[in-house]
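The sequence and structure come first.

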Amino acid sequence: MAALEPPTTSITGVTNSTLPSDSSHTPTIIEPQRGWWQFNWRELWFYRELLFFLVWRDVKVRYKQTLLGASWAIIQPVLQLVVFTVIFGRLAGISTNGIPYPLFNLAGLLPWQFFANTVTQAANSLVINAGIVRKVYFPRILIPTATIGSGLVDFGLAFVILLVLLLWFQWPPTPAIFLLPMFLVLAMLTALGVGYWLSAIHVKYRDVRHATPFMIQLWLFATPVVYPTSLIQGPWQLVYALNPMVGVVEGFRWALLGTQAPSLAMLISVTVALTIFMTGWLYFQAAERKFADLI
Amino acid sequence: MSYAIRAQHLAKQYRIGAVKHRITGYTTLRDTITDWFRKGPASAYKELWALDDVSFEIKQGELVGIIGRNGAGKSTLLKVLSRITEPTRGRAELYGRVASLLEVGTGFHPELTGRENIYLNGAILGMRKREIERNFDAIVDFAEVEQFIDTPVKFYSSGMYVRLAFAVAAHLEPEILIVDEVLAVGDARFQKKCLNKMQDVGQQGRTVLFVSHSMQSILRMCQRVILLNQGKVAADGPAQQVVGVYLGKGEHSIAERVWPHRDKAPGHDIAHLRAVRVRDVDGDISDTIDIRTPVTLEMEFVVTIGGYVLQPYFRLYNEDSVAVLTTFDLDPAWRRRPRPPGHYWARVTIPGNFFAEGLLYVEAGLTTLDPPMGQFAERDAVAFQVIDSLEGDSARGDWGGNIAGVVRPLLPWQTTYTPLG
């Protein structure tokens, strides 16, 4: 067969540097996986930069082509705060033990919004990134995990409102404020755990997209965002504590506003949050192998 | 030399069928639940083996092409080797860092700028940040998008988009590069640049696995080709040989067919066929014809009973079995003249810039005219591949994509122009 083209020459201006030497000795083995717990930590570590880039992408893209840009991260909670204050603070007259209602509400609204946004985004994340899932390999768990990033950025911006309100109402924070990150971590674990479950199920059943907003709404009412925990009495308190977001919101109020310190119920919240996170992770790992075939 | 890839009995089963929603194409919870009640979960599936016991070994530094018809399992094989999907059975070992490029621009975000997408896409393809930084200028240079590097890619032309996307992938530095047919896009000049770049990769001792429908690219890139058919390895060996098998005529050249024995040759009492050949512009037997150059078809036949007026003809079919043309031998030397017994060579030359690119099957036929008695009509006697150059002087001009039409003549265009107002 006659060659139709002249011999090819190198493209100039293209540098081809040396290969990374670390990887050539241990082969990658591809075979059907058995069992649930097969996780490659080294690989996850290798892809840590990708996690950063996915977060960075979400943050960058979030408010692109919006008129108000990142100020939405402030406008949204402020509007919600106004609505809740008018309805629950004024009209319903919910008692907050002397704490100004806006302050009381925002201290719960902040972690709640972080949780709700993260769960919603994580639940849809795999399907939204279906193109990548079908065409490139990397640990899929990074996709729902990365949704935490833009949630944190929004949380940080909205936190400024809280600081402003604290000043406005001249409400001095207690030393407990330094424990705030702990409760944020608790919210993250819960949100990620739920997010892992939902995103993995979503790959197979698109019902998740319709069910998630409804679930979040119910969950809001099962969480003391607009009302104080003291409304819940007797043995129900224990059942109530099964909702880890109760612990989160309680913790936030305590750390920021100096309400009653978290009780033993907090332990239940932490346990449940860890359980949701671990089972979510495990389920995700088990389901991951089929993602590319199903999505 | 050590191995880069060893695949042993790889198999991949897909379940297709009733469970998928008819319109939306995905399963809903309701489907699954109603299905349980109807007939049990498994019964509604149909099983399909996309890969079936595929084994091969590839040495380091080899450039291997994978060919096969649609649905032969090429993409599934690449997906399994890229770890996107898991094999149902079997095992593969890959020695070295693997990068796969199954699609150009995976993960590109339209709202992000070219610069941002280089980082994002690079990270998705498995590049480290410092690797991207080191290659950044080379990527921009290769993609030829310097001026627009800070423009969101949604404003890019499709050509620019593809160039940037490929440029990122081209600067991956894996030991094993797995590439699906990604070059069907972009203008011809850039396609060529990409092929060259991949060849460079091969020359640096890296291993390349390359799927393509373009036999031209395959033959240019690869020494070795694996042919898949219905999920199985149908052939594995030197590129030209396997491409020949794929094009349908065993291991011999598809451009020549000879019937040395009369009793096996197509024909009747009056005449029988001896050979059919495809010759290129130099007169050599060739199954690859540059679209710009003429091709000569030749039939060799023997007349055993003299005294009849004979009409040889060629008919050409394309890959879709469309008869592209029929040409009768109207050579005045023998037209309307009864032929004496003997050995005849009839040739016709079809000019360059005539056929569309692709595979053409040649039917060689001969009939008497009075009374009409068909002597032979050998369909698919030989075949040849018309290859469109990417150099800009064929009828495709500078267009790199697909071109519809069974012929592709180079026609003169004229434009008249008057300015506005």
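## Arg130(B)

In this predicted model, Arg130(B) counts as exposed because it has 9 C-beta neighbours inside 10 Å, and the exposed class takes 12 or fewer. Arg130(B) is found in helix H4 of chain B, which covers residues 129–143. Between Arg130(B) and Leu112(B) there are 20 Å in space, C-alpha to C-alpha, for a separation of 18 residues in sequence.

## Contact between chains A and B

On the chain A side, 45 residues are in contact with 64 residues of chain B. Four elements of chain A each supply at least two residues of the side that touches chain B: strand E1 (28–30), helix H2 (48–62), helix H5 (130–135) and helix H12 (291–294). H2(A) gives the largest share, six residues. By residue class, this side of chain A divides into 20 nonpolar, twelve polar and 13 charged residues.

E1(A) also pairs with strand E4 (residues 89–94) of chain B, in the antiparallel sense and over three bridges. Within E4(B), Ala92(B) is the bridge partner of Ile30(A).

## The largest nonpolar core

The largest nonpolar core has 183 residues, and Phe210(B), Val225(B), Val243(B) and Val362(B) have the most contacts inside it. Domain 1 (3–246) and domain 2 (256–387) of chain B both give residues to this core, so the core lies between them.

Neighbours within four places in sequence left aside, Phe210(B) is in contact with Leu63(B), Val64(B), Gly65(B), Ile66(B), Val179(B), Met198(B), Met221(B) and Cys222(B).

Conventions
Residues are numbered from 1 along each chain as its sequence is written. Chains are lettered from A and ligands numbered from 1 in the order in which they are written. This is a predicted model: local features need pLDDT of at least 70, side-chain atom pairs count only at pLDDT 80 or more; totals for chains, interfaces and linings use all residues. A nonpolar core is a set of buried Ala, Val, Leu, Ile, Met, Phe, Trp, Tyr and Cys residues joined through C-beta atoms within 7 Å. A residue is buried if 20 or more other C-beta atoms lie within 10 Å of its own, exposed if 12 or fewer, and partly exposed in between; C-beta atoms are placed from the backbone. Domain bounds come from an automatic or database domain assignment. Two residues are in contact if their C-beta atoms, placed from the backbone, lie within 7 Å. Ala, Val, Leu, Ile, Met, Phe, Trp, Tyr, Cys and Pro count as nonpolar, Asp, Glu, Lys and Arg as charged, and the others, Gly among them, as polar. Two strands pair if DSSP finds at least two bridges between them.
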